[in-house]
Amino acid sequence: MKQKQLDESVAYLKSKGFEAPEIGIVLGTGLGKMVEAIEDPIEAHYNHIPFFPLATVEFHTGKLIYGTIENKKVVMMQGRFHL
């Protein structure tokens, strides 16, 4: 991804309220319920994020979820992709 594309992706996420996450989590099989622990969740679907890959695994929702857990800012990836 080129710097200009990355900047557009970051700008989009910031406009949605994604600000300085401290922890990033990639959810896998059996971890989907972890999103229920996020306080005040904000969601961004992969297909709305400029230049972001789409989930390539069947039945994965393909979205980033941002919020707090135990006073830590977290972002969770719900749906993986393979390049």
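This is a predicted model: local features need pLDDT of at least 70, side-chain atom pairs count only at pLDDT 80 or more; totals for chains, interfaces and linings use all residues.

Visitor: In what order do the elements of the chain run from the N terminus on?
Guide: The chain holds 1 helix and 4 strands. Read from the N terminus on, these elements follow the order α-β-β-β-β.

Visitor: Among contacts between residues at least 6 apart in sequence, what percentage join residues at least 24 apart?
Guide: A contact here requires heavy atoms within 4.5 Å. Taking the contacts in the chain between residues at least 6 apart in sequence, the share that joins residues at least 24 apart is 66%.

Visitor: Which residues are the closest to the centre of the largest pocket?
Guide: The largest pocket has a volume of about 180 Å³. Its lining is made up of 14 residues, and the closest to the centre among them are Leu13, Phe18, Pro21, Leu64 and Val75.

Visitor: And which elements give two or more residues to the lining of that largest pocket?
Guide: The residues of this lining divide into 11 nonpolar, 1 polar and 2 charged. As for where they come from, the elements that give two or more residues to the lining are α1 (3-16), β1 (23-27) and β4 (72-78).

Visitor: Is the ring pair of Tyr46 and Phe52 stacked, edge-to-face or tilted?
Guide: The count of aromatic pairs comes to 2. In the pair of Tyr46 and Phe52, the ring centres lie 4.9 Å apart and the planes stand at 50 degrees. Planes under 30 degrees apart would count as stacked and those over 60 as edge-to-face, so this pair is tilted.

Visitor: How far apart in space are Asn47 and Gly62, C-alpha to C-alpha?
Guide: Asn47 lies in the loop between β2 (39-45) and β3 (63-69), and at 54% relative accessibility Asn47 counts as exposed. Asn47 and Gly62 are 15 residues apart in sequence, while their C-alpha to C-alpha distance in space is 7.9 Å.

Methods: Residues are numbered from 1 along each chain as its sequence is written. Side-chain values use heavy atoms; hydrogens and water are left out. On a 1 Å grid over the protein atoms alone, a cavity is a set of points where a 1.4 Å probe fits but cannot get out, and a pocket is an open set with protein on both sides within 12 Å along at least five of seven lines; lining residues have an atom within 4 Å of a point. Grid points are joined across faces, edges and corners, and a volume is the space filled by probe spheres set on the points. Ala, Val, Leu, Ile, Met, Phe, Trp, Tyr, Cys and Pro count as nonpolar, Asp, Glu, Lys and Arg as charged, and the others, Gly among them, as polar. Rings of Phe, Tyr and Trp (its six-membered ring) pair if their centres lie within 6.5 Å; planes under 30 degrees apart count as stacked, over 60 as edge-to-face and the rest as tilted. Buried means under 20% relative accessible area, exposed over 50%, partly exposed in between (1.4 Å probe, protein chains only).
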